[in-house]
Amino acid sequence: MYSIDLSGRHALVMGVANHRSLSWAIAQCLHQAGAELCLTYAGERLQSTVEELARSLPGVIVLECDVTRDETIDAVAKTLGERWGSIEMLVHGIAFAKKEDLEGAFVATSRDGFQLALEVSAYSLLNVTHRVLPLLEKNGGSIVTLSYLAAERAVPSYNVMGSAKAVLEQSVRQLAYELGPKNVRVNAISAGPVSTLAARGIHGFTDMLKKHAERCALKRNITKEEVGKAALFLLSDLSSGITGEVIYVDAGYRMMGW
Ligand code: NAD
């Protein structure tokens, strides 16, 4: 018999902004499976919201971490090293691009905007992994990041975030290759559109939701809980033979020929 029991395992979940966040859906699934959790938030503005969410999951640790500030990542690694001694699961649900770079012409993306989007949305996967690697290596682990179809297709308004997702997905493969010998697996979930804070920043997002539901095989949009369940699979031993992959949780959108 196979079941998912994550008791005694530790999950660092990054990218919870509010109850709509995909990382929050993943955190809830991990908690139900018995994992110990640390949630990180970026910036004081989100602190009270994330702390309030965390109160609904007893025992959860909440720490600040802004991936543009290495010292905050190192502080998380230090705290979890002292509290837990190891990390078995890392969830990277982080992305950011300047509003103007998601509204205007892609060709006009500023140098700063391009660098910032790629730093926060793609480089952070490497940088965080590197800084918590001593904890991940202890017992072996599984890393999951969140991507979108714009990594490989032209999607209106997605602009520089598509570039960031392409880099993110290549980084998943390169990291999976490099960390495989340490028994650390790395995978991405490419999710269909879900209404979240980040998604609302994409110009025309409501229209995207509608078109997606019309065109995909299941004729509906996905839920954040479906992303949570797929992440639970990728973070648990049920997926022990899978690494370096992008798994599509998109209600059958990508595979369609129209
Ligand atoms: P969200 O806004 O809830 O989450 C994005 C998170 O990134 C926020 O918690 C935000 O605080 C964090 N973040 C931004 N800058 C940061 C920084 N400097 N340091 C640390 N954290 C920072 O939205 P979401 O949709 O849950 O996004 C999570 C991930 O899922 C993103 O990578 C997004 O691109 C991806 N994704 C979302 C969808 C969708 O339709 N919602 C689809 C596919 C992929």
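A helix here is a DSSP run of H or I, at least four residues long, and helices are numbered from the N terminus. Thr-79 sits in one of them, helix α3, which covers residues 70-83. The model is predicted.

Is Thr-79 buried, exposed or partly exposed? Its relative accessibility is 23%. Buried means under 20% and exposed means over 50%. Thr-79 therefore counts as partly exposed. Now look back along the chain to Ile-61, 18 residues away from Thr-79. The C-alpha atoms of these two residues are separated by 9.9 Å.

Next, turn to the interior. In soluble globular proteins, nonpolar side chains tend to be buried together. The largest nonpolar core in this model has 39 residues. Val-13, Leu-30, Leu-37, Leu-39, Ile-189 and Val-227 touch the most other members. Several elements each supply at least two residues of this core, including strands β1 (10-14) and β2 (36-41) and helices α1 (22-32) and α8 (224-235).

Take Leu-30 as an example. Beyond its neighbours within four places in sequence, Leu-30 is in contact with residues including Leu-6, Val-13, Leu-37, Val-91 and Leu-232. A second, separate core holds 33 residues, among them Met-14, Leu-125, Ile-143 and Leu-168.

Finally, find helices α4 (residues 111-139) and α5 (residues 159-179). They pack at an angle of about 20°, and their axes are 8 Å apart. Because angles under 35 degrees count as roughly parallel, α4 is roughly parallel to α5. The crossing is right-handed. Leu-125 of α4 and Leu-168 of α5 are among the residues that make the contact. By class, this contact has 15 nonpolar, four polar and no charged residues.

Technical notes: Residues numbered from 1 in each chain as written. Predicted model: local features only at pLDDT ≥ 70, side-chain atom pairs only at ≥ 80, totals over all residues. Heavy atoms only, no water. Core = buried A, V, L, I, M, F, W, Y, C linked by side-chain atoms within 4.5 Å. Buried < 20%, exposed > 50% of the residue type's maximum accessible area, 1.4 Å probe, protein only. Contact = heavy atoms within 4.5 Å. Axes fitted to C-alpha atoms, helices over the stretch in contact; angles between N-to-C directions. Parallel < 35°, antiparallel > 145°, perpendicular 65-115°, else oblique. Left-handed = near helix turned anticlockwise from the far one by under 90°. Nonpolar A, V, L, I, M, F, W, Y, C, P; charged D, E, K, R; others polar.
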